[in-house]
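Here is my note on the model you sent. Keep the structure open while you read the points.

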Amino acid sequence: MKRKVIALLLAMAMCTTTLAGCGNKGNNGADSSKTSAPDASADTTDENGKVNGLMNKEGLPLVDEGAYGFSIFVDDSSETGEFYMMDELKKQTNVDVTLKLFPYETATERLNLDLNSGDYADVIGGWTLNDSMILTYGVKQGIFIPLEDYFKKYCPNISAILDLPGVREKMTAPDGHIYTIPYVTGDTTVGYTPYINGKWLKNVGMEMPTNTDEFEAVLKAFKEKDANGNGDADDEIPFSADPNNKHIEAMAGWFGMPMDKYGVAVKDNKVVYGGASDAYRKFLSWFNGLYKEGLVDMELFTQDSSTWEGKGNKDMYGVSIAYGSSEFSGIVQTSEKSEFDVLPVLNTDKGGVWLRDTNGFSVYRTQAVITDKAKNPEIICRWFDNAFALENGIGCSKGPVGTVVLKEGEGYRAIDTTTLPADQQEKVSWNNLWPQALPKYLPVGFKFVEDKPLYDEKKAMEKVYEPNLTKDVIPTNWIALDDIDRYSDISTALTNYFNQQQALFVTGEQDINDDAQWKAYVDGLNSLGLEDWAKMRGIETIAE
């Protein structure tokens with residue numbers, strides 16, 4: 001939530017984050033003994049001002065040194081498992097935190113094993129969580145505990161975030177409880193887009209493509225000529241994508257069906273299921289043609305992140321879908337634009353459009369839960385609340401105040417980190433500040449004063465894409481409690497099937513142009529419960 005047949009598809013199948021349904025605040029028969037929030041008001045304070053004789057009632061540190069610790073399960077790609085701000089928070093709070101880190105590719109499977117075995121962490125966080133899990137393990141089973149009473153009593157920073165317009169409503173589950181720590185952030189209107197190598201374009205004498213025919217011609221030139229200029233005309237890969245966030249179905253928007261990675265689309269200002277549409281089939285047929293001609297990475301559906309990045313670092317990609325070009329190009333961001341450009345929305349003269357991901361503001365409601373294993377969850381809530389204090393939020397997002405960020409009057413100046421010693425640059429690099437899949441917070445619209453501001457590739461992308469984005473985003477409402485189990489089962493099956501079939505059609509293992517095989521695919525969606533699933537989400541199913 002920082003992008004996917006192989007084990008990745010199974011991981012993606014569990015990442016169904018867009019659920020829909022009712023705003024009913026009743027329990028609908030859920031076990032009230034499991035869904036009642038703990039009574040935070042029952043805490044007692046001793047003569048030293050400590051709650052229950054352990055947590056300091058006010059201020060820092062939260063506890064005496066060595067008195068308390070908790071564990072966090074989270075997906076993260078850190079090579080060292082060491083994070084600058086985790087150490088800083090330890091100094092501030094005296095709370096010992098044990099991180100259980102797993103790569104995204106394997107984290108979902110591991111989390112499922114932990115939950116099924118009963119051997120799970122005090123806190124579970126990251127992109128492995130989703131709405132279905134909150135409803136199942138929180139509302140129904142009580143493994144994830146309600147937190148709103150702790151927030152109200154102990155957490156002024158989190159309470160202020162919940163009071164932002166629409167946040168509390170989005171965070172509140174159908175039974176009226178809040179099970180997760182909010183992650184609210186200013187966001188780009190579009191996450192993943194194709195980036196094209198402008199240097200390669202120049203080397204092969206081509207202009208920026210505006211439609212799919214021109215795009216295909218560019219990819220052919222990338223393949224047939226020495227586009228990267230290294231003297232070898234056979235080492236270029238015209239097109240690839242982030243293995244964990246391929247988003248190739250987003251390109252169905254060029255054919256009039258802008259959709260997300262679950263097959264949900266916006267068409268004529270209505271949310272519909274586009275994974276069985278003629279427009280999606282037309283896209284698959286076109287993309288399969290690119291694959292047959294060797295214009296698409298042959299490892300598109302089998303490579304992991306390190307392989308994708310490794311090839312990109314060797315200047316082997318002409319185009320790749322990514323959150324940002326630096327993720328695969330190996331080009332360090334500077335104040336100057338790199339050789340990569342955002343590929344514009346294609347076929348706009350024929351209705352080509354791209355899906356709007358956000359309106360510039362995102363609420364991630366499934367980034368961290370506290371489990372029933374946790375002792376003194378009020379301390380964990382206060383630990384996160386302290387992490388959301390302004391200067392800690394700056395440290396988690398940009399770099400530590402006093403080292404990377406300097407306070408100047410009412411503002412904060414971010415220095416050019418290349419002026420720091422090499423070992424310190426690595427220590428305060430973005431990936432090593434904080435497990436970035438965990439919640440963090442900076443006020444929306446917060447701006448740093450920068451000595452040497454980096455080129456804002458995402459802002460440039462938004463400027464190019466804005467005229468050709470859908471008007472609305474796909475909503476993420478909760479589903480009815482009575483539908484949780486049925487919806488979860490169908491969601492997992494549909495997502496897995498959608499991704500498996502997509503790979504088979506693209507690679508040609510199934511013939512996308514064969515009516516019987518396409519019908520079998522659509523019948524497969526229906527047999528898995530597509531109609532019921534769409535009804536529970538409140539969306540339409542379409543075939544054209």
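1. Is Ser77 buried or exposed? Ser77 counts as exposed, because its relative accessibility is 64%. Buried means under 20% relative accessible area, exposed means over 50%, and partly exposed is in between (1.4 Å probe, protein chains only). Find Ser77 in the loop between β3 (69–75) and α3 (84–93). Then look at Ser305, which is 228 residues away along the chain. The C-alpha atoms of Ser77 and Ser305 are separated by 9.8 Å.

2. A word on the ground rules. This is a predicted model, in which local features need pLDDT of at least 70 and side-chain atom pairs count only at pLDDT 80 or more, while totals for chains, interfaces and linings use all residues. Residues are numbered from 1 along each chain as its sequence is written, and side-chain values use heavy atoms, with hydrogens and water left out.

3. Now the overall build. The protein chain holds 20 helices and 18 strands. These are DSSP runs, numbered from the N terminus: helices are H or I with at least four residues, strands are E with at least two. The radius of gyration is 24 Å, close to the 24 Å that the globule rule gives for 544 residues, so the protein chain is as compact as a globular protein of that length. That radius is taken over C-alpha atoms, and the rule is 2.2 Å times the number of residues to the power 0.38. Along its principal axes the C-alpha trace spans about 80 × 60 × 40 Å.

4. Next, surface and charge. Of the 544 residues, 55% count as buried. The accessible surface of the protein chain is about 22,700 Å², and carbon and sulfur atoms account for 47% of it. The areas come from the Shrake-Rupley method with a 1.4 Å probe. There are 52 positive and 83 negative side chains in the protein chain. Lys and Arg count as positive, Asp and Glu as negative; His and the chain ends are not counted. The centres of the two sets lie 3 Å apart.

5. β15 (residues 405–408) and β16 (residues 411–414) pair in the antiparallel sense over four bridges. Strands pair if DSSP finds at least two bridges between them. Val405 has Ala414 in β16 as its bridge partner. Two residues sit between the strands, and Gly409 in the turn has a positive phi of about 60°.

6. Which residues of helix α17 are buried? In α17 (residues 457–465), they are Glu457, Lys458, Met461 and Tyr465. They cover an arc of only 95° around the axis, so they lie on the same side of α17. The arc is that of the directions from the helix axis to the C-beta atoms. The face turned away from this buried side carries the exposed residues Lys459 and Lys463.

7. Some backbone details deserve a look. Leu60 and Pro61 are joined by a cis peptide bond, with omega about -5°. Pro61 is in the loop between β2 (55–56) and β3. Asp315 is not a glycine, yet has a positive phi of about 60°. Asp315 lies in the loop between α12 (305–313) and β11 (317–322). Asn376 is not a glycine either, and has a positive phi of about 55°. Asn376 is in the loop between β14 (368–370) and α14 (377–387).

8. Tyr441 sits in the loop between α16 (422–427) and β17 (449–450). Tyr441 counts as buried because its relative accessible area is 13%.

Notes: Charge placed at Lys NZ, Arg CZ, Asp CG, Glu CD.
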